[in-house]
Amino acid sequence: MATHSIPKIWRKAKVIAVEKPSKDPSLAANYRPVSLLSVCYKLLERLALQRISSAVEGLLSLDQAGFRKGRSTCDQFAALITFIEIGFQQNLKTGAVFVDLTAAYDTVWHTGLLYTLSKSMPYWFTRLVGLLLPDRRFRVYMGNDTSSWRPQRNGLPQGSVLALVLFNFSILQRPASYTWPKIHSR
């Protein structure tokens, strides 16, 4: 941190393609990528996460349950059912929008994420994330075959300890002053 750099080897990932059971192995979509990161990289992330977790909890919406300790999809489902039941009792119509976040980690925009972090997190943390994300590389291992090293320009490293928190900041965070709009029905 003092030298504003981390070892390049920490930013390299070994991706192993694991065949999904009972699927056609000739199709690339039938493999699950498992990314192995540097142990030192993950340790550094874990130390940073330990220091910022209470600050993060204070910044995220109470309605946000994904990737948060002590919360689950079941909580969100129960809240939705309750909301629908209350609306039904008041003779209101209820609509819902469901968003598929498949491969969302792969599309996180680094510059936008760093901007969001700079507005709400300690400087040291934003700087650390700024060191961890750029110049990432990966290599895919599939059976006896190995790809060449490829750059990872966007997205969060799969298997990253901080990825869950960073994803919440990049996609799901809202300003503390934001209030949810009132729902009106005809």
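**Leu43**

I started with Leu43 and asked: is this residue buried or exposed? Leu43 comes out at 52% relative accessibility, so I put it down as exposed, since the cut-off for that label is over 50%. Leu43 belongs to helix α1, which covers residues 39-59.

**Confidence**

I am working with a predicted model, so I checked pLDDT before going on. The protein averages 84, and 91% of its residues reach 70 or more. Which elements have the lowest and the highest mean pLDDT? The lowest belongs to α5, at 81, and the highest to helix α4 (residues 123-132), at 93.

**Aromatic pairs**

How many aromatic pairs does the structure hold? I found two. To describe such a pair I need the distance of the ring centres and the angle of the planes.

I took Tyr105 and Phe167 to begin with. Their ring centres are 4.9 Å apart and the planes meet at 40 degrees, so I call the pair tilted. That angle falls between the cut-offs of 30 degrees for stacked and 60 for edge-to-face. Where do the two residues sit? Tyr105 is in the loop between α2 (73-89) and α3 (110-120), while Phe167 is in helix α5 (residues 163-172), so this pair ties together parts that lie 62 residues apart in sequence. I looked up accessibility for both: Tyr105 has 21% and counts as partly exposed, whereas Phe167 has 2% and counts as buried.

Then I turned to Trp124 and Phe125. These rings are 5.8 Å apart, centre to centre, with 80 degrees between their planes, and I noted the pair as edge-to-face. Trp124 is partly exposed at 26%, and Phe125 is buried at 0%.

**Charges over rings**

Trp124 turned up again here. Which residue has its charged end over the ring of Trp124? I found Arg51, at 4.6 Å from the ring centre. I also wrote down Lys14, which lies over the face of Tyr141 at 4.8 Å from the centre of that ring.

**A nonpolar patch**

On the surface I came across a nonpolar patch made of Val97, Val99, Leu101 and Ile171. Together these residues have about 410 Å² of accessible area. Val99 sits in the loop between α2 and α3, and I have it as exposed, with 63% relative accessible area.

**Positive phi**

Last, the backbone angles. What is the phi of Ser22? I read a positive value near 60 degrees. Ser22 is in the loop between β1 (12-19) and β2 (31-36), and at 82% relative accessibility I count Ser22 as exposed.

Asn91 is not a glycine either, and I have its phi as positive, at about 60 degrees. Where is Asn91? I placed Asn91 in the loop between α2 and α3. With a relative accessible area of 73%, Asn91 goes into my notes as exposed.

Terms used. Residues are numbered from 1 along each chain as its sequence is written. This is a predicted model: local features need pLDDT of at least 70, side-chain atom pairs count only at pLDDT 80 or more; totals for chains, interfaces and linings use all residues. Side-chain values use heavy atoms; hydrogens and water are left out. Rings of Phe, Tyr and Trp (its six-membered ring) pair if their centres lie within 6.5 Å; planes under 30 degrees apart count as stacked, over 60 as edge-to-face and the rest as tilted. Helices (H or I, at least four residues) and strands (E, at least two) are DSSP runs, numbered from the N terminus. Buried means under 20% relative accessible area, exposed over 50%, partly exposed in between (1.4 Å probe, protein chains only). A charge sits over a ring if NZ of Lys or CZ of Arg is within 6 Å of the ring centre and within 35 degrees of the ring normal. pLDDT is the predictor's confidence in each residue, from 0 to 100. Patches are made of residues with over 30% relative accessible area and no salt bridge: like charges are joined within 9 Å, nonpolar side chains (Val, Leu, Ile, Met, Phe, Trp, Tyr) within 5 Å. Accessible areas come from the Shrake-Rupley method with a 1.4 Å probe; for residues, only the protein chains shown count as cover. A salt bridge is a side-chain nitrogen of Lys or Arg within 4 Å of a carboxyl oxygen of Asp or Glu.
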